[in-house]
Amino acid sequence: VPAAPPPYLDGLNPEQRQAVEATDGPVLVLAGAGTGKTRVLTTRIAHLLHLGKAWPGQILAVTFTNKAAREMQQRVAGIIGGVAEGMSWLGTFHSIAARILRRHAELVGLQPNFTILDTDDQVRLLKQILAAEGMDEKRFPARNLAGLIDRWKNRALTPEKLGADDAQSFGDGKGRTLYAAYQERLKTLNAADFGDLLLHVITIFQKHPDVLADWQRRFKYILVDEYQDTNVAQYLWLRLLAQRWRNLCCVGDDDQSIYGWRGAEVGNILKFESDFPGALVIRLERNYRSTGHILAAASGLIAANEGRLGKTLWTEDDMGEKVRVIGYWDGEEEARASADLIEGMRGHGRRLSEMAILVRAGHQTRAFEERFVTVGLPYRVIGGPRFYERQEIRDALAYFRVLVSPDDDLAFERIVNVPKRGLGDATVQQLHLLARERNISLHHAATLITETDELKPKARSSLRDLIDGFGRWRAAGRDLPHPELAEMVLDESGYTAMWQADKSAEAPGRLDNLKELVDALAGFESLAAFLDHVALVMEIERGDGNQDMVTLMTLHGAKGLEFPVVFLPGWEEGLFPSQRSLDENGLAGLEEERRLAYVGITRARETAIISHAANRRVYNQWQSAIPSRFIDELPRNHVEAEARPGLWGGTMGDRGFGSQLREADLFGDRGLSPGFQRAATAKPVRHLDASFERVTANENTGDDFARGQRVFHQKFGYGRITNIDGNKLDIAFDKAGAKKVIASFVSKA
Ligand code: ATP
Ligand code: MG
């Protein structure tokens, strides 16, 4: 007698259920937005565990963002309870590849504690490589090279595998040479960039069949969400891993392919059937997410695309509200009115967390953020101006990176003279010279150089202090909990003090951020684990996760998510579709933009509000804008267009003036004062030794010192104070003997 089907299968429609129950063999679910693809994937995991087909650790599930991975984990746990806890291989391509790579790092010449570089580091490194090759950064921008290398990596091309055309494609035929030099440098630094995470793993799999076989055996079931956005390298990686069991289930929607610019290949959908012959292909057509008008508007829009597989979507839901299209006078009115609408809906019982504002470009959140701050509307920015990208956070992270991997040169260079400790460019250049000569890291070079007389005494001793500091902190780390260690590093290095002494308006916020950072890393088992997390994290939530907040994010980041109410601002030509996409990719670019619009509308369950402004300020200049062509393409019957009175009234001049006034109110004088202060308190600067450091006189007076204290003088070096006479100090210098000097040229040692 067959047992009753498990309850989680009950709610599924027949096609969904088929996709869940076809556990073995390759399966491709190809279906439109909101048809339950992700739900199928989640239920499938639950089903595999329920049937005992695999242990949690034998299931590899790839999602597009860390957030999606967390949600999937929760959903699986929701279906089958605690068993989901062992799902340790549920994550993004990058996070999973990084973990695999750490286990075999030595096979590609890295150590297991390798650092993951971000784009900034990558560009800095490439600048050095271009310089070493004697190439002009202006003619051959490092950023372009970084983009090119990324694209090669997305296509799984190592320097050796580059075709002749590619190899020639940059810097007068130096593409391959530069790429190879970059990879060599990364190895020396014990570092990998994002593209390397996958590429190295692929290389390892291809060169070490035994390693591959181990992983193939482990992953009995592989599941992939948002399959339409995988690139060649990711596809290759999946195909290698899935070869043994062939239990690969991919779900996707060609209409939602929005990462072509990052090397995603919709073609992977077509390849699936030929690479996995006999694959079961399932189509889902019923949309469970959106009401009728929203679905019809989105379907009508995407129909304008030519290159698509085509599909039907229907819903049993009501028609619901029409999609609203609102025209505003300018961006500020758009932000203000949207905030009002949000408040209004909140008054009618909507929670803020049910509402999202989805923008085309990250910078668009600013106007909304400012408005929300002004009216006290709680919000969070996901993936936006990121916490981890702020200057003070990046500095602090650099300290931690050096602590964890001393050979991380980029991190070392970033903090060697932050706070200022007299280790200027000249000193750093000397370190570079030595490091290159001996093929060692900067940290190592610094250790060596402080044992010689190469550096001036001051530089030498502060470099010594820094190196000793790292040694001491590393030793302390064996006993101290890592958050305390982090605090110790920031305090003893003088980094915290630097911001405490800073009188600018931003300084207090920066200190808060540093505190926040230390708080954040307490949630991880080690500093190293935290650094990995930071490198990989794609979205950061602000504030307390439980608080009711409006979500602000980019359309790209919103893929796979849903909200009852969705605001889609800035639908103007040039902004959306983005002019850059059109310029760079023509029709293909336009179609990708349209898919992005489709993704945007289909995030909405009940209310979708599209808006456009007639005027925008861009780099402090007013520009007029016309509504996006996508607005024209929406089927009329499903849209309700409104123009706000402001759109047609008033003149641009007085509007513009009004907005400027508002902005001034909002910021107070904060925008002006830091620069102003800097000018007012600028200190006298004199050159002591033109080829080396610039020496700054300080504001010390005799009162700042005590007899017996160790001090340092720019010209005479270190000494001990023997007497204080007003602003003059008597000092017994270690080398120069007894001298009388002015307090403002002496600093505490
Ligand atoms: P997208 O293409 O945007 O990623 P999707 O195809 O992954 O969408 P899901 O997010 O899985 O769709 O599902 C959309 C919504 O429909 C979710 O709220 C989900 O819970 C709901 N849903 C899916 N299938 C069913 C079902 N059989 N019965 C009821 N609700 C369902
Ligand atoms: Mg989904």
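This report walks through the predicted model, from its overall make-up to a few local spots.

## Ground rules

The model is predicted, so local features need pLDDT of at least 70, side-chain atom pairs count only at pLDDT 80 or more, and totals for chains, interfaces and linings use all residues. Residues are numbered from 1 along each chain as its sequence is written, while chains are lettered from A and ligands numbered from 1 in the order in which they are written.

## The chain as a whole

The protein chain holds 29 helices and 23 strands. Both are DSSP runs numbered from the N terminus: helices are H or I with at least four residues, strands are E with at least two. Of the 749 residues in the chain, 41% are buried. Here, buried means that 20 or more other C-beta atoms lie within 10 Å of a residue's own, exposed means 12 or fewer, and partly exposed is in between, with C-beta atoms placed from the backbone.

Two residues are in contact if their C-beta atoms, placed from the backbone, lie within 7 Å. Take the contacts with a separation of 6 or more: 74% of them are between residues 24 or more positions apart.

## Two nonpolar cores

A nonpolar core is a set of buried Ala, Val, Leu, Ile, Met, Phe, Trp, Tyr and Cys residues joined through C-beta atoms within 7 Å. The largest one has 118 residues, and Val29, Ile45, Ala97, Val201, Ile222 and Tyr399 have the most contacts inside it. Helix H16 (residues 391–404) gives the largest share of this core, eight residues. There is also a second, separate core of 59 residues, with Ile302, Ala335, Ala339 and Ala367 among them.

## Helix H2

Helix H2 covers residues 37–51, so to speak a 15-residue run, and reaches 21 Å from its first C-alpha to its last. That is close to the 21 Å expected at 1.5 Å a residue, where the expected span is 1.5 Å times one less than the number of residues.

H2 is mostly covered, with 12 of its 15 residues buried. Among them are Lys37 and Arg44, along with Val40, Leu41, Ile45 and Leu48.

## Where H18 meets H19

Helix H18 (residues 425–438) and helix H19 (residues 442–449) have axes that come within 9 Å and cross at roughly 105°. Axes are lines fitted to C-alpha atoms, for helices over the stretch in contact, and angles run from 0 to 180 degrees between N-to-C directions. The two helices are therefore roughly perpendicular to each other; angles of 65 to 115 degrees get that label, under 35 counts as roughly parallel, over 145 as roughly antiparallel, and the rest as oblique. On the H18 side, the contact is made by Gln430, Leu431, Leu434 and Ala435, and on the H19 side by Leu442, Ala445, Ala446, Leu448 and Ile449. By class, that makes eight nonpolar, one polar and no charged residues. Ala, Val, Leu, Ile, Met, Phe, Trp, Tyr, Cys and Pro count as nonpolar, Asp, Glu, Lys and Arg as charged, and the others, Gly among them, as polar.

Asparagine 439 sits in the loop between H18 and H19. Its phi is near 60°, a positive value in a residue other than glycine. Asparagine 439 is exposed, with 8 other C-beta atoms within 10 Å.

## Other backbone spots

Glutamate 226 also has a positive phi, near 55°. This residue lies in the loop between strand E6 (221–224) and helix H11 (232–242), and glutamate 226 is buried, with 24 other C-beta atoms within 10 Å.

Now for the cis peptide bonds. One joins valine 418 and proline 419, with omega about 0°, and proline 419 is in the loop between helix H17 (409–415) and H18. Another runs from phenylalanine 576 to proline 577, with omega near 5°; proline 577 is in the loop between strand E13 (563–568) and helix H25 (579–601).

## Two loop residues

Threonine 315 is in the loop between helix H13 (292–302) and strand E9 (323–330). With 20 C-beta neighbours inside 10 Å, threonine 315 counts as buried. Its C-alpha is 9.3 Å from that of threonine 35, 280 residues apart along the chain.

Glycine 173, in the loop between helix H7 (164–167) and helix H8 (175–188), counts as exposed, with 10 C-beta neighbours inside 10 Å.
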